[in-house]
Amino acid sequence: MTELAGGPPGLAPLWAHDPPTAGPYRLLGRLGAGGQGVVYLGEDEQGDRVAVKMINIDLRDPRARSQFMKEIAAARRVAPFCTAQVLFADVDGERPYVVSEFIEGPTLFRHVREQGPVTGNALHRLAVGTATALAAIHRSHVVHCDLKPDNVVLGRDGPRVIDFGIARAVGVTETVTSQVVGTIAYMAPERFRNDGVGPACDVFAWAATIAFAAGGRPPFGNDSLFAVMHRVVHEPPDLPPLPPDLDDLVRQCLAKDPADRPEAEHVLMRLLGQDATAAGPHRREAMLEVGHETAGAPTPNQPLPIPTPTIPVQARTGGQDAPTAPAAGQGRPAATDDGWGRRLRREATDAWGVSTAIFLGSVGAAAGYLASGLVGDAAAAGAATFVVVYLVRLLLAVALGGRSHQT
Ligand SMILES: Nc1ncnc2c1ncn2[C@@H]1O[C@H](COP(=O)(O)OP(=O)(O)OP(=O)(O)O)[C@@H](O)[C@H]1O
Ligand SMILES: [Mg+2]
């Protein structure tokens, strides 16, 4: 595939018949194509990059159209924890399209194909990040319906789940188009029995995705359609070697009966070493933030943050039932960008910390003057005390999660 110079890796030029724009978005190139349509890299009027998915379905039927918009509106309300935010959708033109935050990086599928299985801390962070995304998605009463390695992008700040709710929105016309939505190897057994699609299907798909990441193949194989379906419904999973706790969790999530699978929030808590039975609403919300930070931890051997769940989730963007026009700067998640950097910036200017350092610096200067009787020595002692107090407090505050973080 020809790559477009200057663009992110994998970006191909537009084809001759591709539209140059979608509503207010300029289309810059093709990111890829899947079962539902083509995904373009786009740019909004402020120059922020977005992913524009043009969907291959006919939405002329008003009932299907309103159902589609309802599903997308629900997806827009999902909090931006380890997810690519859905920003906008339009069904009025010739072809419907959904706009979401652009995440630069390879998909999990491509990463495993090119670099081999994910192991150690990277596997743990992947499991935490994808479980965090799933918990956030389910909190908004959205079911992903198509979680798989192609729908996880490994961004610079950790894994991000994309495409949530779109399969279900497209599924409203499934009877018309007879398309099978989703990928068989990650589908839960109840989907083949035509039982309702619920959050437990996503938990199954999460576990199958993690097994793929760790072993390079899905746990029920990927040969012929019927062979895979048979194994999903009747046979135990064939898992790669996993750490014992993760092995246990993945097996439970792959239970044939959806009632035997844990909920996504419980999966996340277990991954974070928390007691899944003792969770109140605030604790659960804080878990999403802890999960997001853990998944984006910059160094492989960094210890997990100590969860002190006192932070409520920041107010979500959107909240309206019908998708509206995109606002400037919506291409970035509001609440979660870069945990360590954000904490460092906040603590560096923390008024309490700076005043404490100034006060102790003055004490140091006074002590210096008393000891030497020289103004120059007093100033040097004051300045040294200020710098030491300021830096020590800053390091402690950032490492422990921050004083202002916990109020
Ligand atoms: N928000 C996004 N940010 C970055 N890249 C994206 C985004 N959405 C999609 N892509 C890219 O576009 C490619 C095609 O996505 P698409 O969803 O059409 O295909 P798929 O995931 O393979 O299949 P499916 O149609 O079942 O979801 C993805 O593999 C990914 O590389
Ligand atoms: Mg996709």
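Mentor: A term to begin with: helices (H or I, at least four residues) and strands (E, at least two) are DSSP runs, numbered from the N terminus. This is a predicted model, where local features need pLDDT of at least 70, side-chain atom pairs count only at pLDDT 80 or more, and totals for chains, interfaces and linings use all residues. Residues are numbered from 1 along each chain as its sequence is written, and chains are lettered from A and ligands numbered from 1 in the order in which they are written.

Trainee: Ok, which residues are closest to ligand 1?

Mentor: Gly32, Gly34, Val39, Ala51 and Asp150 are the closest of the 20 residues that surround ligand 1. A residue is near a molecule if its C-beta atom, placed from the backbone, lies within 6 Å of it.

Trainee: And which elements give two or more residues to that shell?

Mentor: Strand 2 (25–34) and strand 6 (97–101) do. Strand 2 gives the most, with four residues.

Trainee: Switching topic. How do strand 7 and strand 8 pair, parallel or antiparallel?

Mentor: Antiparallel: strand 7 (residues 152–155) and strand 8 (residues 158–161) pair over four bridges. Two strands pair if DSSP finds at least two bridges between them. They form a hairpin with two residues between them, and Leu154 has Pro159 in strand 8 as its bridge partner.

Trainee: Last one. What does Phe204 touch?

Mentor: Leaving out residues up to four places away in sequence, Phe204 touches Ala188, Cys253, Leu254 and Arg261. Contact here is C-beta atoms, placed from the backbone, within 7 Å.

Notes:
Contact = placed C-beta atoms within 7 Å.
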